[in-house]
Amino acid sequence: MFLLRLGFLEIGWLDILDVALVAVLLYQIYNLVRGSIASRVFVGYLLVYLVYLVVKALRLNLLTTILEYFISVGALALIIIFQHEIRRFLLLIGKSTNAVNNRFIRRWLLRQTVADEPVLLLKPILDATKVLADEFSGGLIVVQKNDDLEKYAQSGEPINADLSKALLLAIFGQYSPLHDGAVILSGGRIRAARCILPVSDDADIPAALGFRHRAGIGMSEATDAAVIVISEETGRISLATDGEMALNLNISELENRLQVYLKQPSNRPVRSV
Ligand SMILES: Nc1ncnc2c1ncn2[C@@H]1O[C@H](COP(=O)(O)OP(=O)(O)OP(=O)(O)O)[C@@H](O)[C@H]1O
């Protein structure tokens with residue numbers, strides 16, 4: 001049954017559903033690759049595909065064949081370029097299904113109470129950040145939100161200890177063998193130290209910001225974690241979230257931003273990295 005007719009086009013409910021599903025899918029893919037170089041490749045490929053559709057509708061046969069060939073080879077290239085995103089996407093589906101099932105089964109079928117996610121206390125983080133900034137000690141603190149940071153935690157030394165100001169300061173102390181790299185905090189615990197973070201290749205990052213800051217931005221591009229960067233050179237505190245860095249914050253600004261960011265629901269799917 002047709003819903004409406006536009007010239008030669010007959011549009012039915014299923015067509016609308018089809019377009020809506022494709023729009024959601026494209027939006028989710030865009031969210032997955034947003035902020036990375038892959039997003040530009042994705043937009044480029046989409047444009048080529050649109051040109052192909054136009055050319056095909058106009059029956060320009062030679063150009064259609066060339067574009068068809070380009071798109072089919074391009075599809076293979078896309079799989080290679082987006083291998084990390086595809087892996088995350090598949091892990092996300094598996095993980096969220098597991099999580100939902102586990103919670104549902106435990107809460108409703110087994111009548112067990114399901115504890116809420118551990119609450120992250122900001123105070124030790126803010127206190128340690130203040131001391132590190134005042135002492136120009138330098139620090140890189142990753143605060144996990146939803147994405148699993150296993151891959152990055154594995155690049156460093158496992159700690160798995162209760163979060164405390166004293167321990168953070170000990171890790172970033174000048175003579176500590178763990179002070180290089182980043183500390184990863186997950187669910188109110190210090191999960192790992194000396195971790196290596198992905199460095200952003202964004203050309204718009206000011207040249208004055210070195211690798212600590214670039215690593216903070218890179219981590220916030222690759223995951224939904226919030227990354228606190230304390231500059232050893234200037235003692236300034238910055239916060240990277242969603243690929244953006246807020247520079248030169250005081251402690252209360254940092255606290256407000258962290259509270260707002262960590263509470264607000266993620267605008268992209270959970271990633272397992
Ligand atoms: N990819 C990375 N992952 C984790 N830590 C990193 C990474 N890159 C740099 N760092 C940390 O940042 C430290 C300082 O790097 P660099 O001086 O280039 O950064 P910066 O942004 O100029 O910061 P600062 O203002 O503190 O000097 C390194 O010694 C290391 O501990």
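Which of the 18 residues around the ligand come nearest? They are G210, F211, R212, S231 and E232. Please keep in mind as you read that this is a predicted model.

**Around the ligand**

Helix α8, which spans residues 211-222, supplies the largest share of the shell around the ligand, with four residues. Sorted by type, the shell residues are eight nonpolar, six polar and four charged.

**The nonpolar core**

The largest nonpolar core has 41 residues. Within this core, the residues that touch the most other members are I141, V142, A182, V183, I184 and V227. Strand β7 (residues 226-230) gives the most to this core, contributing five residues.

V183 is a handy place to start looking around. Leaving out residues up to four places away in sequence, V183 touches L140, I141, V142, L168, I171, I190 and A193.

**Two helices that meet**

Two packed helices are described by the angle between their axes and the distance between the axes. Here, the axes of α5 and α9 come within 10 Å and cross at roughly 145 degrees, and the crossing of α5 past α9 is right-handed. The table shows which residues of each helix take part in the contact.

| Helix | Residue range | Residues in the contact |
|---|---|---|
| α5 | residues 123-134 | L126, T129 and K130 |
| α9 | residues 251-263 | I251, L254 and E255 |

The residues of this contact between α5 and α9 comprise three nonpolar, one polar and two charged.

Notes. Residues numbered from 1 in each chain as written. Predicted model: local features only at pLDDT ≥ 70, side-chain atom pairs only at ≥ 80, totals over all residues. Axes fitted to C-alpha atoms, helices over the stretch in contact; angles between N-to-C directions. Helix = DSSP H or I, 4+ residues; strand = E, 2+ residues; numbered from the N terminus. Left-handed = near helix turned anticlockwise from the far one by under 90°. Contact = placed C-beta atoms within 7 Å. Nonpolar A, V, L, I, M, F, W, Y, C, P; charged D, E, K, R; others polar. Core = buried A, V, L, I, M, F, W, Y, C linked by C-beta atoms within 7 Å. Buried ≥ 20, exposed ≤ 12 C-beta atoms within 10 Å, placed from the backbone. Near = placed C-beta within 6 Å.
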